[in-house]
Amino acid sequence: MTKEDILKKFEGFTDGVRVLILVQRNKEGGNNRRDKGSIKRKVSKNKEEFAEILSEFLEIKNSSDIPLRIYSSVNPRNIEKAIRLFKFEQLEADFYDIENKHNFYYDIRNRWVGVVASPKAKSGTLFLIDIDHTVNRANVDSVKEALETRGIKIVLDYKTKNGNHIITEPFNPQLVESLKLEIKTDGMLLLDF
């Protein structure tokens with residue numbers, strides 16, 4: 001997909017503070033540890049920065065010999081919550097042994113991105129239902145119908161590499177307990193694979 005296609009498809013999910021991730025999944029041969037270089041994470045402040053980071057990640061992904069995926073947070077982030085979380089982590093690091101304390105500061109950018117990505121820093125409440133056809137052979141249309149029957153509003157539905165993602169407004173998960181769905185209250189949108 002082109003950058004323009006992705007931006008159009010996920011138009012309502014590029015504003016505000018967002019975390020974008022470029023990664024090779026473990027099940028595709030990756031090692032998601034930051035120190036191995038298999039993951040790149042950036043924070044965007046608005047639609048323009050989102051588009052710039054997406055361009056950068058697409059260029060890396062499309063020229064890579066290994067399979068990479070690009071994800072973005074389904075919910076925007078609250079920067080004030082992230083700052084507070086970061087200050088707590090920073091204060092805690094001051095009581096680490098000297099080596100770990102220094103390592104915290106050597107890796108400060110990743111620490112910052114990590115707190116921004118934390119569910120505790122989200123400002124939205126959208127849910128992501130992950131239907132993996134290799135695990136759950138559920139018919140997407142029947143799941144969507146079951147959600148709508150229960151009054152659950154679907155915001156976006158799109159195909160992924162192995163299934164579908166359905167983005168919804170928040171709801172009581174007990175309403176769909178019988179469907180045995182994988183519901184993520186702060187999931188990651190799969191932008192490109």
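In what order do the four strands of the open sheet lie, and with what pairing? The order is β2-β1-β3-β8, and the pairing is antiparallel. The structure is a predicted model, in which local features need pLDDT of at least 70, side-chain atom pairs count only at pLDDT 80 or more, and totals for chains, interfaces and linings use all residues. Residues are numbered from 1 along each chain as its sequence is written, and side-chain values use heavy atoms, with hydrogens and water left out.

Helices (H or I, at least four residues) and strands (E, at least two) are DSSP runs, numbered from the N terminus. Two strands pair if DSSP finds at least two bridges between them. The edge strands of the sheet are β2 (39–44) and β8 (188–192), and each pairs on one side only. From one strand to the next, the twist averages 25°. Strand β1 (residues 18–23) pairs with β2 in the antiparallel sense over six bridges. Across these strands, I21 has R41 of β2 as its bridge partner.

Two helices pack on the sheet. Helix α2 (residues 47–62) touches β1, β2, β3 (69–73) and β8, and its direction makes about 165° with that of β2. Helix α5 (residues 108–117) touches β1 and β2, at about 65° to the direction of β2. Angles run from 0 to 180 degrees between N-to-C directions, and axes are lines fitted to C-alpha atoms, for helices over the stretch in contact.

V113 is in helix α5. Contact means heavy atoms within 4.5 Å. Leaving aside neighbours within four places in sequence, V113 contacts V19, R41 and V43. V113 and R18 are 95 residues apart in sequence, yet 10 Å apart in space, C-alpha to C-alpha.

A nonpolar core is a set of buried Ala, Val, Leu, Ile, Met, Phe, Trp, Tyr and Cys residues joined through side-chain atoms within 4.5 Å. The largest has 34 residues, and F10, F13, I167, L189 and L191 have the most contacts inside it. Two or more residues come from each of β1, α2, β3, α3, α5, β5 (154–159) and β8. Another core, of 12 residues, lies apart from this one and includes V140, V143, F171 and L181.

The axes of helix α3 (residues 79–93) and helix α4 (residues 98–106) come within 9 Å and cross at roughly 150°. The two helices are therefore roughly antiparallel, a term for angles over 145 degrees. F86, E89, Q90 and A93 of α3 meet K101, F104 and Y105 of α4.

How values were computed
Parallel < 35°, antiparallel > 145°, perpendicular 65-115°, else oblique. Buried < 20%, exposed > 50% of the residue type's maximum accessible area, 1.4 Å probe, protein only.
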